[in-house]
Amino acid sequence: MRPDPLPGSVRAPVVPGRRPLTGHAGRFRGDALRFVCELRRYGPVSKISIGPRPVHVVSSPDLVRELLTSQARSFDKGAMFDALRVPLGDGLITASGDRHLCHRRLLQPAFHHARIARYADVMAERSLARAASWDPGTTLDLVPEIDRLTLDILLRTLFAAPQDPDLHTAVKDWLSVKYHAMRLALSPLHAWAERLPLLPAWRPPDDGPLRRLVAVQHRIVDAYRATGHDRGDLLSMLLLAGGPDGALTDAEVTDELITLFLAGTGTVSASLAWTLYEVSRRPDVQRRLHDELDTVLAGRPCAFDDLPALVYTRQVLTEALRLHPPSWLLMRRAVRPVTLGGVRLPPGAEVFFSPYALHRDPRSYEEPDRFAPDRWSGRAAAKAARHTYLPFGAGARLCLGEDFAWTELTLALASFTARRSLAPAGSAPVRPLAGTVLRPDRLLLSAHARPS
Ligand code: HEM
């Protein structure tokens, strides 16, 4: 018999459809996005299981806020981040407790506004070059193009030229190994392996690319340390952080760099791809975007100082991140007994929440599945956003690269759209792939030159 909940606490309802051995894992393999949205039917906190591992799902925006802010100290990051620690090491995304606080403080200066203004030149120049290589009148799958662009930008903002000749290949090889952190977190077999030590533990499919990347990075770090000056890039800031006494060790710098490769590429690529997907399907939105870009830029390339005036462009991006948040499912794990929405969670309890489901909740957004950038005009919108809009998370673990990402996305969107109009091409529907990041499987678009 299951024990009664503690006095004053309630038991989270178990979501129907639990299967022996696998629990609800099959629902994530089917239509995961629909499943996470359906979970809100079962109340603010419900319970599912991944194999033998019970998981509480938080579906209320207020409780998610509580989880990420006022109760944040009672949680670390959970199963997906355990899986990520194998390829990433213990960088900011996976670190917990004091180590996280200390590293966050050290990394912050690399993301200050003034620093991002410097990275913006690289972002604008690379975006324009990539967009210019797309000839008007031709059709292109934008997904690989955008992947190349975001990696190019990240490498050039992390490491100012001249770059190590092996770096690009080493990062690309490492990124091409599929570590499948989300798949592991949702795998019943993996959950059983934790319980039954006789099953083999998960190992990366091939750790060669990781070792090679670390070796190249050590070479670069040595060269930077030898000169000791600020080259205007992210790595210089990591090395200068903390001064002579509190500086990061080489191993810590390497872990942080690897974390930034992962955190700063797939998420931005997915956001830009989804935005272009929506814009290409909405001539009315595209017209207003063109009007704004024509007025603000008057034919010039977009630059950092233009960003505050690109109000509608920002609304378009905001709405794309609402409908298609790259971090569609996030996780935490209780590190001490804690009560959430009246439900008592023991230490070790895993908790899921889905920005995707929160962003499509009809209690928060009218016609939630409609792409409507106008819902972000005016002050009321900003207020609503504080509770229900979480593409970058919230609280102490809020995305450190948020301003970096907005800057890059705005400059890239302007570069791809200012001089051309976009239209969907091909008859196959674009399918969402809900992996560690939510991204489109492909994005075939045709570009037509706009009359100048
Ligand atoms: C549109 C693009 C991006 C999205 C949607 C995004 C989303 C997120 C989310 C949701 C989190 C919090 C995860 C959690 O609470 O469990 C996060 C954390 C983080 N992101 Fe981003 N991110 C983006 C771009 C970037 C970029 C460009 C960088 C760096 C160049 C970056 C670096 C980080 C780091 C270092 C963390 C860990 C922060 C911490 O735990 O203190 N992100 N991101």
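What follows is a conversation about the labels used for this predicted model.

Mentor: Start with a residue, then move to the sheets and the ligand.

Trainee: Why is Leu154 called buried?

Mentor: Buried means under 20% relative accessible area. Leu154 has a relative accessible area of 5%, so Leu154 is buried. Leu154 lies in helix H7, residues 142-158.

Trainee: Which residues does Leu154 touch, leaving out those up to four places away in sequence?

Mentor: Leu260, Phe261, Gly264, Thr265 and Phe404. A contact requires heavy atoms within 4.5 Å. As for Arg212, 58 residues from Leu154 along the chain, the two C-alpha atoms are separated by 19 Å.

Trainee: What makes E5 largely enclosed by the rest of the structure?

Mentor: In strand E5, 5 of the 5 residues are buried, so the strand is largely enclosed. Both faces of E5 are covered. Leu330, Arg332 and Ala334 are on one side, Met331 and Arg333 are on the other, and all are buried.

Trainee: How do you know that E5 pairs with E8?

Mentor: Two strands pair if at least two bridges are found between them. E5 and E8 have 4 bridges and run in the antiparallel sense. Within this pair, Met331 stands opposite Phe352 in E8.

Trainee: And how many bridges are there between E3 and E5?

Mentor: There are 2 bridges, again in the antiparallel sense. The cut-off is at least two, so E3 and E5 count as paired. Phe75 has Ala334 in E5 as its bridge partner.

Trainee: What is the order of the strands in the open sheet of 5 strands?

Mentor: The order is E1-E2-E8-E5-E3, and the pairing is mixed. E1 (45-50) and E3 (75-76) are called edge strands; each pairs on one side only.

Trainee: Which strands does helix H3 lie across?

Mentor: H3, residues 61-68, lies across E1, E2, E3, E5 and E8, and runs at about 130° to E8. Helix H10, residues 188-195, also packs on the sheet, where H10 touches E1 and E2. The direction of H10 makes about 125° with that of E2.

Trainee: Which residues of H10 are buried?

Mentor: Pro188, Ala191 and Ala193 are buried in H10. The buried residues of H10 pack against helix H1 (25-29), E1 and E2.

Trainee: What is found at the start of H10?

Mentor: A side-chain oxygen of Ser187 reaches to within 3.3 Å of the backbone nitrogen of Leu189. The cut-off for a polar contact is 3.5 Å, so this pair qualifies.

Trainee: Why is one side of E4 and of E9 left without a neighbour in the sheet?

Mentor: Take the sheet first: its 3 strands have the order E4-E12-E9, with antiparallel pairing. E4 (139-141) and E9 (420-424) stand at the edges, each with a single partner strand, so one side of each has no neighbour in the sheet. From one strand to the next, the twist averages 35°.

Trainee: How many bridges join E4 to E12?

Mentor: 3 bridges join them, and the two strands run antiparallel. The bridge partner of Asp141 is Leu444 in E12. Helix H15 packs on this sheet and touches E9 and E12, with its direction at about 90° to that of E9.

Trainee: Now the ligand. Which residues come nearest to the ligand?

Mentor: Of the 29 residues around the ligand, His100, Arg104, Arg332, Arg397 and Cys399 come nearest. A polar side-chain atom of His100 lies 2.6 Å from an oxygen atom of the ligand. For an N or O atom in the side chain of Lys77, the distance to a ligand oxygen is 3.0 Å. Both values are within 3.5 Å, so both pairs count as polar contacts.

Trainee: Which element gives the most to the shell around the ligand?

Mentor: H15 does, with 3 residues.

Trainee: How do the residues of the shell divide by type?

Mentor: The shell has 18 nonpolar, 7 polar and 4 charged residues.

Key: Residues are numbered from 1 along each chain as its sequence is written. This is a predicted model: local features need pLDDT of at least 70, side-chain atom pairs count only at pLDDT 80 or more; totals for chains, interfaces and linings use all residues. Side-chain values use heavy atoms; hydrogens and water are left out. Axes are lines fitted to C-alpha atoms, for helices over the stretch in contact, and angles run from 0 to 180 degrees between N-to-C directions. A residue is near a molecule or strand if one of its heavy atoms lies within 4 Å of it. A polar contact is a pair of N or O atoms within 3.5 Å; within protein, one must be able to donate a hydrogen and the other to accept it, and residues adjacent in sequence count only if both atoms are side-chain atoms. Ala, Val, Leu, Ile, Met, Phe, Trp, Tyr, Cys and Pro count as nonpolar, Asp, Glu, Lys and Arg as charged, and the others, Gly among them, as polar. Buried means under 20% relative accessible area, exposed over 50%, partly exposed in between (1.4 Å probe, protein chains only).
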